[in-house]
Every structure is written in C-alpha cells, then in structure tokens.
Amino acid sequence: MEVLLAILIGLFYAAGLYMILRRSLVKLIIGLILLGNGANLLIFLLGRITKGHPPIIPGESNIFTSAYADPIPQALILTAIVISFGLQSFGIVLIKRAYKVVKTDDLDQMNSTDQYS
Amino acid sequence: MIAQIVFYPIIMQLLLAILLLFCWKWIKWQKVISIIGSFISLGIAIWLFSTTWTQGTLTVQAGNWEAPFGISFVSDTFAATLVLLTAISGLAVSVFSVGTILRARLKFGFLPIFHFLLLGLNGAFLTGDIFNLYVWFEIIIISSFVLITLGGEKAQIEGAIKYFTLNIFASIIFLTAIAVLYGLTGSLNMADLAIKVAALENRGLVKVTAILFLIGFGTKAALFPLYFWLPASYHTPPSAVSAIFGGLLTKVGIYALIRVFTLIFVGDSFLENIILVIACLTLFSGALGALAHQNIAKIFSYLIICHIGYMILGLGLYSEVAIAGAIFYLIHDIIVKTNLFMVSGLIYRIKGTFNMRDLGGLYAKYPRLSLLMLIPMFSLVGIPPLSGFWPKLALITASFNAGNYWLIAAVLFATFITMYVIARLWSEVFWKERKELPKMQNFRYFETLKLEKKIQIVGPIVFLALISLYIGFGAENIQQLATRVAAELMDNQHYIQAVLGDGYN
C-alpha cells in the first residue's frame, strides 16, 4: 500500500510540474491542482497508514490499549484541502478573467508587464 | 493573565476586518473605521512590544492545550518587533490608501481585505506552530491575490497570474516540507521540532527538508533564482497596495527563513554556504535589474530583491553580529520600502506617469516635498547617518570577522549600484528640465486635490520618514534591540524553554 501510494504521489508531482511548464493557462491551473493533491496525499502517507484502528479510547480504560491511527494528518489534510479549494476556485476565476481581458490562452503572450519601458 | 495580549493584535485586525465588512456600502465610515482601528492596533502593538521587552518571551497555548500538542502563540522580541513594524506600516498605508485609492476599488471591499492581510501578517509573526504558519501564509496570499487583482486592468491581471502561480507553488513546496518533517518527527510545534530534529539520525533527509523550506520561503521572499514574479507584478496594482506588499509581504518570507534556520535547522555549514551564495546572487541580480529600467515603481521592485540579499547574507553568516545586522536591516527596510512605494504614488499623483523619461522638474515646483522624498531614498542607499548605513556596517564587520572578502565585495557592489540608481532617479525625476506632458482627462492631479486629501497622501510619508530618521539617528537603541533579538535567536534553548516550560527533556 505504501509503495503504491508513494508511486502515485510521485506521478501527481511529476504530472503537476509538467502541466505547469506548458504554455496554456488552463493547464497551468490543472497542474497546480495536481500538485496540491499530491501534497495532501503525501501528508496522508507520511502520517503512517494504519488500517482499522480508529483513535478512540475504549470506555473502560484511560489510555489507548492498542495501536491507533494518528488523527493529526487527517486534520492537516482537511485544512489543506479547504485552503487549496479556495485558492483553486480563485485561480479558475482569475484565468477566465485573464482570457477576457488579454484575449489569449497562451502564457507567452502575457509579457507586457515584463517589458522595458 | 498578561500573556493573553499575544492574541490582541490578531483579534484586533480580525474584528476590524469583520466590522468593515458590515459597513460594505458606507465607504465614508469604512475610511474612518480603518484609520481609527489602525491607530488602536498601533497602540496594542506598542503595548505587546513593551511587555515583551520588559518581561521576556510571552507564550500562550491556544485553547489551553499543553505544548507540544496544541498550537502555541509566542511573542519573543523578534516577533513583537515585527508586529510593531506591521502596525506602523499598516497605519501609514491605511491613511495613504484612504487618500489615493479610487472609489471604485473601495466599493469592492479594498479596506476589509487590507485588514485581513494585516491579520495574516500578525498571525504569521506570532504563531509557534509550523502548520499554523502555513495557514497564516495562505490567509496572507489569498488577501494579496484580491488586492493585486482588484480593479481588473490588463497589466494587473497579467501580473496577478505570475504572482498567483509562483505563490501557490511556493505554498505547495512549503506544505511538502511540513509533510516530510511531520513524517520524520511526528510533531508540528516549532520548539518541539527543534529538539526532535536535532536528535534525528537521518541527517540526509533533514537536509532535504531544509532545502524544501528554503525553496518555499525563498520563493515568497523573492530570492535568486525564484524572484521573477516580483518585478512582473509589484508595479501593477495601485501604489498603496505596492507599498504594503513591498514593505511586508516579502519580509514575511524572510521572517520565516530566519525563524526556521535559527531554530530548527541549525549548525549545518552546507546550508549556510548555499544561503551565502544565494544571497550574493540575489544582491547582484536585483541591483543589475534596477539599472535596466525606466519605470520608477519597477526600479523600486528590483531594489526590494537586491536588499533581500542583505538580510539573507546575515542569516548565512550565522554569527551574532551578522544576525543583528540582518535584523537591523529588516527593521530599516520595512519602513523605507513602504515609504518608497508611497513616494512613487505621490510622484504619479503629481505628474501622472511612472516613466523617468517623461518626469522632471519636481524640485523646481515642489522643493519641500522633494526634500521629504529625499529622506527615504538616501536612507535606502545608506548615506550616514541615515538608517541604511548602520546595518550595512554590521554586515561588513561580520563578513570581515568571518574572513570572507567576497561577501564584503558583494555588499559594497550592491550598495554602490543602489546609490547610482537613486542618484540617477534623483537627477531624472527632480533636477531634469520639466517636460510638458499632455493633460489627462479625469485624472486627479495632486495640485487640484483638496487640502484634506493632500494631508492623507503626504502625512504617511512624513510619518515614515520621521521613523526612518529615528532609526538612523537613534541607531544605538535599534542596535540594542537587534542585538537582543540576535542573542535570543542564536540561543534556541531560550525559545524552546519559553514554549515547553522548564521540564522538557
């Protein structure tokens, strides 16, 4: 399972970086989304995967009696997902706006702010 | 519970932003509330600073969850100083934006978003938890995205795309670094991380994590070679926005770098050498970029990059003198950079252009204003006894002590180029023969403004110029502050003890 997830995360990062390096605006956003999801999965994997052991203390005891899944990575992922969701929706509106104003989808055409004047 | 005041700067900005949201339609009230609120924030920041100064590091555990399990908020001298500087720049920019931002932008919530940005900045400086730092960073960047795009002009949108992409990318790298660090140590509290990372055996992986942090924060701080988003975007929004971005946003990256590399990843000569090389390259590339441009806002953008190099140089040298120099530079730079962008806004208000070729004759027309604008410019160059001189002296001394003459050369080269750029700017904008420009329709020139507006534009510049003068002439006090911050940073046991208490193992 760990190996499978590690390969999947690698693919997410690689695909995300590849998409960012393309010139299309839409692919840029897709690349950022893939990278973000890769990072979320990475937190999940590095929090150690434990199957079928919810972090609940049994009623008759005061401490954990057996191995338990670490709940913190899940809280972190939840936070990160919400944040990246907000940023991505902003990004999608931004590229729509950019397409309307600049009238192109090609990042190479968007160089007026870098020119010498 | 005196320690609770650590929360007050954060809560104050949050309340202010929410209150402003409720006044969505009443722009006049928004202006009044924003300025009064900024004054109160300054008062709170001074209170926090003086309490931290007299009583030492203050720590609060949010929700009373014991460290290292809960989120700690820590106000050591470094954090308190930056909160104070945020409040000072925040007040100046608040007044300046009330005077200069167009009504159309104010109508779409400029002021509430501005205070959300300050909320994020205060949070990032005060938190003692690495994941919480990530969350504050996201609050900062989402607010800055709105501020940079508000208005929706073509240049703004183009700049925003570059700004957006690189900042999100940096955040993802930062998140990846947190994931690896959590996998290695199982902790997120910075003080706890400092202990656990020092005890780790797998030094190779620690180094990789440190490099990830360097890339993530370095992109946000506009270090070489990841600075290209900054000159592409900082000159596009209105000057008030550029002022708060130039003064504080890149400095948050510097704060995070200094915090992480003096607390968690310490004593690694390989990393220090990398940081030194990056610092020199940042100094060179920023200085050379500033030489090439004619747009004054763009020149100031490149000078931001150039001067980030000084602070990173101090961090890379990692001695008490060097870190004190870096902290002094940070204090000086926040005030001066905020002021410079406001100065560029004032020049734009007077002449209606940023281009140096068309500008000229300002000194003949406004001699007193020109002398006022001279103060931040010469402070930036570091002409003694103005404020930029002392930290550069400290950095050169530190490089000399370390026996690294290349660094001295880099510092002097960047200073020389800055001086050349500012001298050229002075002669082009202020001394050159005045050029008649075609009058623009619907543009509110400075001379046609009401006295009230003029005060709102010039007042903040005077305020920050006075603080710059104080930093220059009262350098002894600032040096004392910087030395104390450096001593606290170099001895990371101090921070660990303040957060975890005496009983840690």
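1. In this predicted model, I327(B) is in contact with A482(B), V485(B) and A486(B), its neighbours within four places in sequence being left aside. I327(B) also figures among the residues with the most contacts inside the largest nonpolar core, together with V83(B), I178(B) and L315(B).

2. That core has 222 residues. Helix α14(B) provides its largest share, 19 residues.

3. Helix α14 (residues 320–351) of chain B packs against helix α20 (residues 475–490) of chain B, with the axes 8 Å apart and at an angle of about 125°. Angles of 65 to 115 degrees count as roughly perpendicular and those over 145 as roughly antiparallel; α14(B) and α20(B) are therefore oblique to each other. The crossing in which α14(B) passes α20(B) is right-handed.

4. On the α14(B) side, the contact is made by E320(B), I323(B), A324(B), I327(B), F328(B) and I331(B). The residues supplied by α20(B) include I478(B), Q479(B), A482(B), T483(B), V485(B) and A486(B). By class, the residues of this contact comprise 12 nonpolar, 2 polar and 1 charged.

5. Between the chains, 32 residues of chain B are in contact with 29 residues of chain A. On the chain B side, α6 (130–149), α7 (154–185) and α10 (229–233) each supply at least two residues, and α7(B) gives the largest share, 17 residues. The side of chain B that touches chain A divides into 17 nonpolar, 12 polar and 3 charged residues.

Note on methods:
Residues numbered from 1 in each chain as written. Chains lettered and ligands numbered in written order. Predicted model: local features only at pLDDT ≥ 70, side-chain atom pairs only at ≥ 80, totals over all residues. Axes fitted to C-alpha atoms, helices over the stretch in contact; angles between N-to-C directions. Helix = DSSP H or I, 4+ residues; strand = E, 2+ residues; numbered from the N terminus. Parallel < 35°, antiparallel > 145°, perpendicular 65-115°, else oblique. Left-handed = near helix turned anticlockwise from the far one by under 90°. Contact = placed C-beta atoms within 7 Å. Nonpolar A, V, L, I, M, F, W, Y, C, P; charged D, E, K, R; others polar. Core = buried A, V, L, I, M, F, W, Y, C linked by C-beta atoms within 7 Å. Buried ≥ 20, exposed ≤ 12 C-beta atoms within 10 Å, placed from the backbone.
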